Amino acid sequence: MFVATAPEDMPDLDTTLSMSGLEFMQAMQRGELSRPPISALLNYTLDSVEDGKVVFRGTPEFQHTNPAGGVHGGWYGTLLDSCMSCAVMTKTPKGSVYTTLEYKVNLTGAIPINTEILAIGTIAHAGRTTGVAHGEIRDAETNRLYATGSATCLIMKLLGD
């Protein structure tokens, strides 16, 4: 998968607006568009994309721990924000973009370092101006639940009728 290493590697707004959010996410999954640099830093990749659902696969490493040695809550939050918001993105029409308005994270268990997880975001509502999604972080092998979340996103029409 293509990783952006400089600002010029990222898709420009015209590219983003030229396709629906689902088409954009599918192009990223195919490696035609770069994945965001934060995904390389936090060691996660886009695993699957479908209409209303996005799954990221990741593995927290020592560099993602807090001073007490556990996986930092920000790692959980970033993975949940990514999967939930991108699930909303799959519902945005051509000419539109989204941004996260708020998200909530509930940690239900400690992810052991070097454990592969799936961050699963599913759409609950996609309207003209807002989208709501739910998320879960689960162990990729055992399906153990490590965290849940919810997000509200603003959908903004920038081009079109």
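Let's start at Ala 126, which sits in strand β4, residues 117-126. Strands here are DSSP runs of E, at least two residues long, and helices are runs of H or I, at least four long, numbered from the N terminus. Ala 126 is partly exposed, at 37% relative accessible area. Partly exposed lies between buried, under 20%, and exposed, over 50%, using a 1.4 Å probe and protein chains only. Tyr 103 is 23 residues away from Ala 126 along the chain, and their C-alpha atoms are 16 Å apart.

A word on the source. This is a predicted model, where local features need pLDDT of at least 70 and side-chain atom pairs 80 or more, while totals for chains, interfaces and linings use all residues. Residues are numbered from 1 along each chain as its sequence is written, and side-chain values use heavy atoms, without hydrogens or water.

Now the largest pocket. Its volume is about 420 Å³. A pocket is an open set of points on a 1 Å grid over the protein atoms alone, where a 1.4 Å probe fits, with protein on both sides within 12 Å along at least five of seven lines; lining residues have an atom within 4 Å of a point. The volume is the space filled by probe spheres set on the points.

How many residues line the largest pocket? There are 21, and Met 28, Pro 36, Cys 86, Met 89 and Tyr 98 lie nearest its centre. Helices α1 (13-17), α2 (21-29) and α4 (73-89) and strand β3 (96-107) each give at least two lining residues. The largest share, six residues, is from α4. By class, the lining has 14 nonpolar, five polar and two charged residues.

Next, the backbone. Most residues other than glycine have a negative phi. Asn 43 has a positive one, about 65°. Asn 43 is in the loop between α3 (37-41) and β1 (44-50). Its relative accessible area is 29%, so Asn 43 is partly exposed. Asn 143 also has a positive phi, near 70°. Where is Asn 143 found? It is in the loop between β5 (130-139) and β6 (145-157). Asn 143 is partly exposed, at 47% relative accessibility.

Last, the surface. Leu 13, Leu 158 and Leu 159 form a nonpolar patch, with about 280 Å² of accessible area together. Patch residues have over 30% relative accessible area and no salt bridge, and nonpolar side chains are joined within 5 Å. Leu 13 belongs to helix α1. At 47% relative accessibility, Leu 13 is partly exposed.

How values were computed. Ala, Val, Leu, Ile, Met, Phe, Trp, Tyr, Cys and Pro count as nonpolar, Asp, Glu, Lys and Arg as charged, and the others, Gly among them, as polar. Patches are made of residues with over 30% relative accessible area and no salt bridge: like charges are joined within 9 Å, nonpolar side chains (Val, Leu, Ile, Met, Phe, Trp, Tyr) within 5 Å. Accessible areas come from the Shrake-Rupley method with a 1.4 Å probe; for residues, only the protein chains shown count as cover. A salt bridge is a side-chain nitrogen of Lys or Arg within 4 Å of a carboxyl oxygen of Asp or Glu.
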